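Please read these notes with the model open beside you.

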Amino acid sequence: MFGKLGGLGNMAALASNFGEIQKRIKEVHRKTGEMVVTGSAGEGAVEVDVTGHGEMVACRIAPALLSGPENAGELQTLVIDASNDAGKKAKAAAKEMISKEAEDLNVPGLGDMLAKVGM
């Protein structure tokens, strides 16, 4: 009858650790903003750096791709591919950081919950 109330323990743990959780969330947000990951495309012909918040901070393009307008379409595709690659890596790194922080707090399900809200 009371089997469905098992989640209340998780809520109690959340409530009792709220101050620490809030502090850790702010710290993770700061760290992910400082984190920079690199995505690449075209076997490294285009590289893009993004922060853990998804902000692009650098783009490097091999000089051979800048040789003329005939390369414009390929260059555009490679920049998009490199950006997407960097975004996926940033998201994975941020999720790993969130999971570690949540695990350290020992609140079951907190990492999954924070990852779902984009933290």
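1. In the hairpin of E2 and E3, glycine 54 has a positive phi near 90 degrees, and four residues lie between the strands. Strands here are DSSP runs of E with at least two residues, helices are runs of H or I with at least four, and both are numbered from the N terminus.

2. This is a predicted model, in which local features need pLDDT of at least 70 and side-chain atom pairs count only at pLDDT 80 or more, while totals for chains, interfaces and linings use all residues. Residues are numbered from 1 along each chain as its sequence is written, and side-chain values use heavy atoms, with hydrogens and water left out.

3. E2 pairs with strand E3 (residues 56-61) in the antiparallel sense, over five bridges. Pairing requires that DSSP finds at least two bridges between two strands. Aspartate 49 has alanine 58 of E3 as its bridge partner.

4. Glutamate 43 sits in the loop between strand E1 (36-41) and strand E2 (46-51). Its phi is positive, near 55 degrees, although it is not a glycine. Most residues other than glycine have a negative phi. Glutamate 43 is exposed, with a relative accessible area of 88%; exposed means over 50%, buried under 20% and partly exposed in between, using a 1.4 Å probe and protein chains only.

5. Which residues of H2 are buried? They are Ile21, Val28 and Thr32. Seen down the axis of H2, these fall within an arc of 30 degrees, so they line one face of the helix. The arc is taken from the directions from the helix axis to the C-beta atoms. The face turned away from the buried side carries the exposed residues Lys23, Lys26 and Glu34.
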